[in-house]
Amino acid sequence: MDWLLIIKSLLLLGGLGLTLGLVLLVASQKLSVKVDEREAKIRSALPGANCGACGYPGCDGYATAIVAGKAPLNACSVGGPKVAQKIGEIMGQDVSAAEPRVAVLICRGGKNEAPYRFQYRGAGNCRQAALLLGGPKACIWGCVGFGDCVNVCPVKAITIGENRLPVIDEKRCIGCGKCVAECPKNTLILIPRTKLVYLACVSHDRGKAVKDACSVGCIACGLCVKVCPVSALRMERNLPVMDFEKCIDCGICVHKCPTRSFIDRAPGRPKASINPRCTGCGECIKVCQFKAIEGEPGKHHRVIPEKCIGCGQCVLVCTVKAIDLVGALGHSVKKV
Amino acid sequence: MNNAKIFIAAFLVNNIILMRFIGLCPFFGVSTSISTAVGMSAAVLFVMLLAAWVSWVLYHVLLFPLGLVFLRTAVFILVIASLVQLVEMYLKKYLRNLYSALGIYLPLITTNCAILAVTFFNINYKFNLLQATIFALGTALGFALVIILFATIRERLEDAPISPAFKGYPIAFIGAALVSLAFMGFTALFGIS
Amino acid sequence: MNNHPSRLSYLTSGIIKENPILILMIGLCPTLATTVTARDGLGMGVAASFVLICSNVVISAIRRLVPDSVRIPIFIIVISTFVTIIDYVMQAYQPDLYRVLGVFVPLIVVNCIILGRAEAFAYHHGIIDSFLDGLGKSIGFGSVLFVMGALRELFGNGTILNYPLLPTAYRTSPMLFAIFPPGAFFLIGLLKALVNKLGWGR
């Protein structure tokens, strides 16, 4: 047992360890960087998807910008009001949340509705296909269907469906807008999650030209503009433009459109039902655009459930509050 | 061996990555983009030189005279680990951009075989301090050369149509095989083995 | 042997699902450098396994005594102790193997597998579990090292473990590509592609 060797080794290693430890200790004091602790707290409050919807380079970038006082506290649409609230608490400020949004496809012309003009044999991405005469579909405005949006979605919320159109999983979608930016045909948009009805067509053609290209395309007949109870629609370049502030999501345009170009996102719609308070005044029959109420004057009126679309216009005009909207649990029509 | 030959040997003929297979983990991990490759090379160069000096001095002044040669593994690696920590702190304070570019790679340099290998080679080849410096410099530059060259190749590979089984590491390895084959052409350059 | 379901999985996961070399892609340096022949690969595998298992056990044993901030240097000291042991043992009992492996024996101390398992596993689990994990990972990378070595020796020399397996005609002018560095890169690329195709680790 060479004790001297053991002692020498212990001394050397011990001495080295102590020296290095001291050097590191001194260095950590002199080379310390002051990091605002709020930045770390904000960063951990953020969802960490690094999607860029806030407009900053990733969650780190957003956290830094908040602490630097350069960023609004509610820019994270992914985290929504909860995250905005937390950030507000950390920064000691009041905050109101950015409205959560969801991506939707504003084109209904899949391979079943919109025929192809030619066979396309080229690179399988939308941007390149769109360069070639607007894409292989007969409608030069609509979705090309090769899935550039699928590739950029950071949460894999989009898949190409059987009908050659992107299908967006609304539960997964975080509303970051990457797919909207990527689409070369601009057939993806972000709408507030509370918005239920929207137009799903981007064709600026009208009449026969549209019908030849797609069976569900907007032919610019203008019927929706006429039937809208709140005048939320107006025709512009052969497409109805919807004022989201005015629209009450009643769904009348959805059912009146001859080409079914509108989409209703509501999982279910209620139906009107007339209770015993009815005096038989007939106001509801006059306002119903679907002839879904019948009855003789003075007698108790009755709703025909198959025809009723749950738009709620009759509820508004009934003076004795005899009509209720029932069914479709969890769904309610705005401002009724 | 004169100094020029030491340098050429370390830089090309016995290139640390392609000929000696040392430093492969950062080679495949960092060479995905040119900017990270350059950053990593700079950090490796800095740490390699410092580590070569400190370890050479410790060996010749303490370990060898005291007959504690068997402690060299532990001593060298401790020195390297501390050096990396110091470099990390320094970068964080004074070169913020480089620090965020290198991210997780800095602590990875600690386990970078290349740095420890250089410290061992300096002992095994019985270099004096100047020769050890040249060897470390040549090795670090050889590392940088290969990593940056390979980064350019990998950036091209990103867009190439490759069958799914080969995407990522497999095609990178095969690419490395071809570059390594090219570097074998340097064997016996200037009569160096 | 423990039949506790998760205990057994510590052992078996290291062999296929979390094979350190082919799935986790760590510890590549010795894989390519020391597998010129099957015996070298096997020798390296055994040496590194010794270090991995011993350091896993010791680190797991002292884990409650080690404060979080200095854990990496402590791990390194423990690992380098075992590396030094195997270094001198190999020098004494297997000098030709030691000459072939060269600088890669002390380089075991920076093998990502060993430090990685110490940090990710041994520091947070009990001794038996750490032993099983170390054993599993050792079998995993040991087999890869052996297979690589065997294949390179087979194509580059016509033998495995010095048993001639290919006809003399081949052995007089074998495919030297397999023995040189490019061959190693090429072979591991093919192995990894095969693993991807088979869907290991998914």
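## Close-up views of a predicted three-chain model

View 1. α1(A) is hardly covered, with a buried count of zero among its 28 residues. Here "buried" means 20 or more other C-beta atoms within 10 Å of a residue's own, "exposed" means 12 or fewer, and "partly exposed" is anything in between, with C-beta atoms placed from the backbone. Helices are DSSP runs of H or I with at least four residues, strands are runs of E with at least two, and both are numbered from the N terminus. The model is predicted, so local features need pLDDT of at least 70 and side-chain atom pairs count only at pLDDT 80 or more, while totals for chains, interfaces and linings use all residues. Residues are numbered from 1 along each chain as its sequence is written, and chains are lettered from A and ligands numbered from 1 in the order in which they are written.

View 2. A:D36 sits in the loop between α1 (3-30) and α2 (37-45) of chain A. A:D36 counts as exposed because it has 12 C-beta neighbours inside 10 Å. A:A68 is 32 residues away from A:D36 in sequence, yet their C-alpha atoms are 9.8 Å apart. Zooming out, chain A has twelve helices and twelve strands, and 35% of its 336 residues count as buried.

**View 3. Two nonpolar cores.** A nonpolar core here is a set of buried Ala, Val, Leu, Ile, Met, Phe, Trp, Tyr and Cys residues joined through C-beta atoms within 7 Å. The largest one has 111 residues, and B:I77, B:I80, B:L116, C:V51 and C:I79 have the most contacts inside it. Helix α3 (residues 34-63) of chain B gives the largest share of this core, eleven residues. A second, separate core of 83 residues includes A:V144, A:L199, A:C201 and A:A232.

**View 4. Around C:I79.** Which residues touch C:I79, once neighbours within four places in sequence are left aside? They are C:V51, C:S55, C:V109, C:I114 and C:L115. A contact means that the C-beta atoms of two residues, placed from the backbone, lie within 7 Å.

**View 5. Chain C against chain B.** This contact takes 32 residues from chain C and 30 residues from chain B. On the chain C side, α9(C) brings the largest share, ten residues. By class, that side has 26 nonpolar, four polar and two charged residues. Ala, Val, Leu, Ile, Met, Phe, Trp, Tyr, Cys and Pro count as nonpolar, Asp, Glu, Lys and Arg as charged, and the others, Gly among them, as polar.

**View 6. α9(B) meets α9(C).** The axes of α9 (residues 169-183) of chain B and α9(C) come within 8 Å and cross at roughly 170 degrees. Axes are lines fitted to C-alpha atoms, for helices over the stretch in contact, with angles from 0 to 180 degrees between N-to-C directions. The two helices are therefore roughly antiparallel (over 145 degrees; under 35 is roughly parallel, 65 to 115 roughly perpendicular, and the rest oblique). Among the residues making the contact are B:F173 and B:I174 of α9(B) and C:F185 and C:F186 of α9(C). The contact residues divide into 13 nonpolar, three polar and one charged.
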